[in-house]
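Good morning, and thank you for coming.

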Amino acid sequence: MHNTAIALVQLGAVFFGLGLLGKMAWRIGISPIPLYLIGGLAFGQGGLVPLHGIEDFTHIASEIGVILLLLLLGLEYSAAELVTGLKRSWTAGVVDIVLNAAPGAIAALILGWGPVGALAMAGVTYISSSGIIAKVLGDLGRLGNRETPVVLSVLVFEDLAMALYLPILTAVLAGVSFLGGLSAVGVSLLAITVVLVIALRFGKYVSALVDSPDPEVFLLKVLGAALLVAGVASQLQVSAAVGAFLLGIAISGSTAENATRMLEPLRDLFAAMFFVVFGLNTDPASIPPVLALAVALAFVTTLTKVATGWWAAKRQGIGRLGRARAGAALVARGEFSIVIASLAVASGGVDGELAALATAYVLLMAVLGPVAARVVEPLAKFTRKRGTEPATA
Amino acid sequence: MNVEVTPLPGIGTRQDFMIRAGRRIGVITHRDGKFELIVSSKDDPDDCSASIALTPAEAGTLAGLLGAPQLVAHLEEQHRDVAGISTRQFPIVPGSTFDGRTLGETELRTRTGASIVAVVRAGTVHPSPRPDFTFTGADLVVVVGTAEGLAKTADILDG
């Protein structure tokens, strides 16, 4: 009984602390993710106050956090939106991949982390945080702007790219050969095609399977289905996250909207736990040595994302200010970079420093992203008034 | 009018059009049913100088306010052949005499000769309201009558 009391007090303190951090973060206009990570770094190994006795819970809670993050990412766009998005924005999507995956991959190769590390770091620097970006666009009243569909279609493409990338990464991390890697690509392409076809043609049946007019029944069914699919996927070596993600894509229409509304608070709770646990498992002492590199990477990938947005917006006939806004909006990286890093670290197939670099990188980018989106307009106007080169940052 | 419909993946739909004043005006319909009124900025047509969140009820009221002139114009069209008859709309000011009282109590027909042909409330048109129709603040009352009758109506409803 005494142990239970201590565990409850510790958990309560963690959640309450995270609540205070989250409140503080949105008040100053940044995402709470970096603060959660710092919270995790402060506790845990090498931190100020080590936690004891709740590791079992925090471990499974963070796993559920990843599953919910990916499930809601899948729910975010309907299959039809994904397909039209793919048709419309694939060129911008390819530019996005080339420009933003390359810096991460090159950094990993320079550090001697090998092709596996390069693949993981490529994902970390590539994937924008759709959560942070959607929130920032809404907060700044830019949903009606002409460049916003451009930004969203880049995010849609990244969403699809994740569906391909995650199974490949999982296979490569599991140490399969080059041939095995190729078959993983084949299997994941097949899986996505099947899921998209199911979602487009038979989406209502999948939705009907989990749908229920009673919120309680609905919540239990959706959550249960997500954990079941994730568990089976994990058993098949496809990674739990990918399974949940594909389930999210398959659920569509009003069922998807209701599921999103219902699961959002749960996701926020468990995802916060996931960030804390990731921070917990990262030794704070490992951050300073990689800090300079993280800053350099942040600098380069800010420019490459701005260039991506600028280019994509220009193709749609958006003016200079709008192009700058589109570019700056895409800068934020967050939850999915951490998900990729945690998959890589958990497999043990990559250098331990990767976790430290990813943490430092996301700490910078999750703060920098919303700030960039805010300051880009005054900055661009200022540079134009001065008659110098048009702003790109 | 050429209304452009743009899907916003993950958010909803944007419907907007260019007005003669050179600005883009429109509505974002969120997937969860919320509305947002958007007006593009003067010096940057890509940007929005206002995006105002509206509840469905508020959007309905706004639509009624903007739609009422069209209703009046429509009625005007119908009465054009009858000389000396015109149509006008009068708002029921919240807290004024007839806020909360019935149409019958205005005795409008007897006192002015004009008649109430419709009431616009929160975006919905109530045609040919009966004498027991109860007014509430912010209703728009559409009245048909002679110029003199309409002038008297204004005095009564304003009182």
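Predicted model: local features only at pLDDT ≥ 70, side-chain atom pairs only at ≥ 80, totals over all residues.

Residues are numbered from 1 along each chain as its sequence is written, and chains are lettered from A and ligands numbered from 1 in the order in which they are written.

I begin with chain B. Its elements, read from the N terminus, follow the order β-β-β-β-β-α-β-α-β-β-β-α, that is, three helices and nine strands. The radius of gyration, taken over C-alpha atoms, is 19 Å for chain B, well over the 15 Å that the globule rule (2.2 Å times the number of residues to the power 0.38) gives for 159 residues, so chain B is more spread out than a compact globule. Along the principal axes, its C-alpha atoms fill a box of roughly 55 × 35 × 25 Å. Of the 159 residues of chain B, 25% count as buried, meaning that 20 or more other C-beta atoms lie within 10 Å of the residue's own; 12 or fewer make a residue exposed, anything in between partly exposed, and C-beta atoms are placed from the backbone.

Next, the two chains together. How many residues does each chain bring to the contact? Chain A brings 23 residues and chain B 18 residues, where two residues are in contact if their C-beta atoms, placed from the backbone, lie within 7 Å. On the side of chain A, the elements giving two or more residues are helix 4 (79-110), helix 7 (148-173), helix 11 (253-280) and helix 13 (320-329). Helix 7 of chain A gives the most, with five residues. By class, this side of chain A has eight nonpolar, eight polar and seven charged residues; Ala, Val, Leu, Ile, Met, Phe, Trp, Tyr, Cys and Pro count as nonpolar, Asp, Glu, Lys and Arg as charged, and the others, Gly among them, as polar.

I turn now to packing within chain A. The axes of helix 5 (residues 114-126) and helix 15 (residues 353-385) of chain A come within 11 Å and cross at roughly 10 degrees. Axes here are lines fitted to C-alpha atoms, for helices over the stretch in contact, and angles run from 0 to 180 degrees between N-to-C directions. Helix 5 of chain A is therefore roughly parallel to helix 15 of chain A, a term for angles under 35 degrees. From helix 5 of chain A, the contact uses A:G117, A:A120, A:M121 and A:V124, and from helix 15 of chain A, A:L354, A:A358 and A:Y361. This contact has six nonpolar, one polar and no charged residues.

Helix 2 of chain A is mostly covered, with eight of its 10 residues buried. Its cover includes helix 1, helix 11, helix 14 (335-347) and helix 15 of chain A. The axes of helix 1 (residues 2-27) and helix 2 (residues 33-42) of chain A come within 9 Å and cross at roughly 145 degrees.

Beyond its neighbours within four places in sequence, A:E377 is in contact with A:L321 and A:R325. A:L321 is 56 residues from A:E377 in sequence, yet 6.9 Å away in space, C-alpha to C-alpha.

Conventions. Helix = DSSP H or I, 4+ residues; strand = E, 2+ residues; numbered from the N terminus. Parallel < 35°, antiparallel > 145°, perpendicular 65-115°, else oblique.
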